[in-house]
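The entries follow in the order in which I looked things up.

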Amino acid sequence: MAPIIRRMRAADNAFDVRVVFTGQHRDLLRQAARAFGITPDVDLDVMSDDQSLSGLLSRLLVGLDAQLASERPELVVAQGDTTTVLATALACHQRGVRFVHVEAGLRTADIATPFPEEANRRLTSLMTHLHCAPTEAARKALLAEGISPEHVLMSGNTVVDALLDTLREPLPLPITVDPTRLLALVTLHRRES
C-alpha cells in the first residue's frame, strides 16, 4: 500500500488519508513502513499469542468498526488476502462504507489453497465496491464471477510499484551488499513456504 498512501498524501490535499495498522504481520509491516516513511494514525494491535483465525477476525471487526464509526470515511482501501482484508471489507459492508480492494481477483481452483487466503479473497469480493486487479488474469476471474465491469479496474501491481519506487529513491538495506555483484530479489511470505 505504500505507493498508494504516498501518492494520495501528495495529491495537494485531495484526500484526507488515515493509515490504520491492525497488527497482523507486525514485524514485516514495521520494516516496510519505516522504509517508506509511513507511520500509522491508528494501531489496533490486535494480535495475541496463539490466537485462532476466528479470534483474530472478531478482534479485527471490533477494532475496525470502532474506527469506521469515529472516522466516518467515504471509502476504505485495503490490499491483499489476509484476515485483516476480509475483516475490513465486512466492517465496511456493515457500516455502508465503500470498500476498495487492491490486489483483487487473484484465484486458485481450491478454496483451501492457500489457506485461509483463498476464502478471504472470494468473500472479500462479495463486499467490494471497486476491485483493483493487478493482472489481466485477475480481471478476467472477477468478470467470470459476475462482477460488473464498471467495478473492476486493471490497476497493476503495487508490489512492483513499490519496488520501482525504491529504484528511484534507494532505501537503505538491512544487509551489506557488494555493488559489483548481481542481487536477486525473492519474496516468500506464505506459511506453507
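Predicted model: local features only at pLDDT ≥ 70, side-chain atom pairs only at ≥ 80, totals over all residues.

**Helix pair**

I looked up H4 and H5 and noted that they are therefore roughly parallel to each other, a label given to angles under 35 degrees. Helix H4 (residues 83-95) and helix H5 (residues 117-126) pack at about 20°, their axes 9 Å apart; axes are lines fitted to C-alpha atoms over the stretch in contact, and angles run from 0 to 180 degrees between N-to-C directions. Helices here are DSSP runs of at least four residues and strands of at least two, numbered from the N terminus.

Residues are numbered from 1 along each chain as its sequence is written, and side-chain values use heavy atoms, with hydrogens and water left out.

For the contact (heavy atoms within 4.5 Å), I found Thr83, Val85, Leu86 and Ala89 of H4 meeting Asn120, Leu123 and Thr124 of H5.

**Backbone**

I then checked the loop between strand E4 (98-102) and H5, where proline 114 lies, and found a cis peptide bond joining threonine 113 to proline 114, with omega about -10°. Proline 116 sits in the loop between E4 and H5, and a cis bond links phenylalanine 115 to proline 116, with omega about 0°.

Aspartate 45, although not a glycine, has a positive phi of about 45°, and I noted that aspartate 45 counts as partly exposed at 44% relative accessibility (between 20% and 50%, with a 1.4 Å probe and protein chains only).

Note on methods: Parallel < 35°, antiparallel > 145°, perpendicular 65-115°, else oblique.
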